[in-house]
Amino acid sequence: MSNRKLFFTALALGLLAVPCLTAQEQQPPAPAPQEQQAESVVGKALEAMQGYATEKRPDTHARYYIYLQSAGWCGPCNQEMPKIVQEYKEMRKNGVELIFVSCDKTPEDAVAFMKKYGADFACIGYESPESAALPGYTPERRVPRMTIVDASGKVAEGPNHPSFVLPKWRELTHTPAVK
């Protein structure tokens, strides 16, 4: 094969004029730094609220929010509350915040119900302007009820009985169940 033919064959195969790249240049470009996470619609609504029955304020930067509609006078609510309080300890560690929407007659009744079980989450009234302002919240006449929403207020699960909804937060956050 002549030198000329060899030259054109090598050129056609791209063997000539191949730039010498360093290892760094061979890597695909790094993605642009992500902009800060979009503002939480639910977090903003919670920050604006004034009518909390408890001193506890919710985490306004959570990934998910659980609205718990419950009451101290409700037998099934009293059965579910110990499980909910136990789960809440794990929820907080995994970017999930719980908001208790009390169906009790007074804020004092709601606080007494929470104290009975050692509940340490924010509480608002069922028929309050605060509950009406919660993105993704739908009032239910039956209690207990839970709804999980993402930070934008989009419903991820519920409203339904806590026994159905409570395990779903672990699926959404990929948090294994405690054995």
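**Cysteines, aromatic rings and confidence**

Cys-103 counts as buried because its relative accessibility is 19%, where the cut-off for burial is under 20%. The model in which this value was computed is a predicted one. Cys-103 takes part in no disulfide, and the nearest cysteine sulfur, which belongs to Cys-77, lies 7.4 Å away. A disulfide would require the two sulfur atoms to be within 2.5 Å. Cys-123 has a relative accessibility of 1% and therefore counts as buried. Across the structure, the number of disulfides is zero.

The aromatic side chains come next. How many aromatic pairs does the structure contain? Taking ring centres within 6.5 Å as the criterion, the count is five. In one of them, Tyr-88 and Phe-121 have ring centres 5.1 Å apart and planes at 80 degrees, so the arrangement is edge-to-face; the planes need to be over 60 degrees apart for that description. Tyr-88 belongs to helix H4 (residues 75–93), whereas Phe-121 sits in the loop between helix H5 (107–117) and strand E3 (122–125); the pair therefore ties together parts that are 33 residues apart in sequence. Tyr-88 and Phe-121 are both buried.

A further pair is formed by Phe-100 and Phe-113, with 5.9 Å from centre to centre and 55 degrees between the planes, a tilted geometry. This pair also links distant parts of the chain, since Phe-100 lies in strand E2 (residues 96–102) and Phe-113 in helix H5, 13 residues apart. Phe-100 counts as buried because its relative accessibility is 0%, and Phe-113, at 3%, counts as buried as well.

The protein has an average pLDDT of 82, and 78% of its residues score at least 70. Confidence is highest in strand E4 (residues 145–150), at a mean of 97, and lowest in helix H2 (residues 23–26), at a mean of 43. Over residues 14–37 the pLDDT is below 50, and this stretch has six contacts in the model beyond near neighbours in sequence.

Conventions
Residues numbered from 1 in each chain as written. Heavy atoms only, no water. Phe/Tyr/Trp six-rings, centres within 6.5 Å; stacked < 30°, edge-to-face > 60°. Helix = DSSP H or I, 4+ residues; strand = E, 2+ residues; numbered from the N terminus. Buried < 20%, exposed > 50% of the residue type's maximum accessible area, 1.4 Å probe, protein only. pLDDT = per-residue confidence, 0-100. Contact = heavy atoms within 4.5 Å.
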